[in-house]
Amino acid sequence: MSGGKQSRSVARLAAVQALYQMEVSSVGVEAVIREFTDHRFDRDVEGETLATADEAFFADLVRGVVKEQKAIDAAIVKRLAQGWRLERLDATVRAILRAGAFELVHRPDVPTEVAIDEYVELTKSFFEGPEPGFVNGALDGVAKDVRAG
């Protein structure tokens, strides 16, 4: 991976972790962004330094998901199986879908395939079951709804 691409991948992972943390602990958006920026990026983890994150991209993702959450959630729910509610999903899956849907809706600079592939790969790092396929299908549906072509 190139440095820029990898730094965005790290930013996406951090954004998912931050969104999850905000949901389970009700910490505010600026506090969680500050915590990641001050304490998590460019730190050793078990003796290995994490790849550098694109911190501006991370902050944009987290702030954007929070600001646009109602519309993003509506875009996701439209693509869930009938009768499914977002609240029924695992909190990590919810965070992944929200970050991915935000990119698809609000970051036209990110190619559709890149956004979907990145979040499917992220899902695989958390889950071994059907979740990656579920995330792929949901984000693909959101992309069809919000992006031309």
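**Close-up views of rings in a predicted model**

**View 1. Phenylalanine 36 and phenylalanine 58 are both buried.** Buried means under 20% relative accessible area, exposed means over 50%, and partly exposed lies in between (1.4 Å probe, protein chains only). This is a predicted model: local features need pLDDT of at least 70, side-chain atom pairs count only at pLDDT 80 or more, and totals for chains, interfaces and linings use all residues. Residues are numbered from 1 along each chain as its sequence is written, and side-chain values use heavy atoms, without hydrogens and water.

**View 2. Two aromatic pairs are counted in the protein.** Rings of Phe, Tyr and Trp (its six-membered ring) pair if their centres lie within 6.5 Å; planes under 30 degrees apart count as stacked, over 60 as edge-to-face and the rest as tilted. Phenylalanine 36 and phenylalanine 58 make a tilted pair, 5.3 Å centre to centre with 35° between the planes. Phenylalanine 36 sits in helix H2 (residues 29-40) and phenylalanine 58 in helix H3 (residues 55-67), so the pair links distant parts of the chain, 22 residues apart. Helices are DSSP runs (H or I, at least four residues), numbered from the N terminus.

**View 3. Phenylalanine 126 and phenylalanine 127 form a tilted pair.** Their ring centres are 6.5 Å apart, and their planes meet at 50°. Phenylalanine 126 is partly exposed, at 36% relative accessible area. Phenylalanine 127 is buried, at 16%.

**View 4. Arginine 8 lies over the face of phenylalanine 57.** The distance to the ring centre is 4.0 Å. A charge sits over a ring if NZ of Lys or CZ of Arg is within 6 Å of the ring centre and within 35 degrees of the ring normal.

How values were computed. Helix = DSSP H or I, 4+ residues; strand = E, 2+ residues; numbered from the N terminus.
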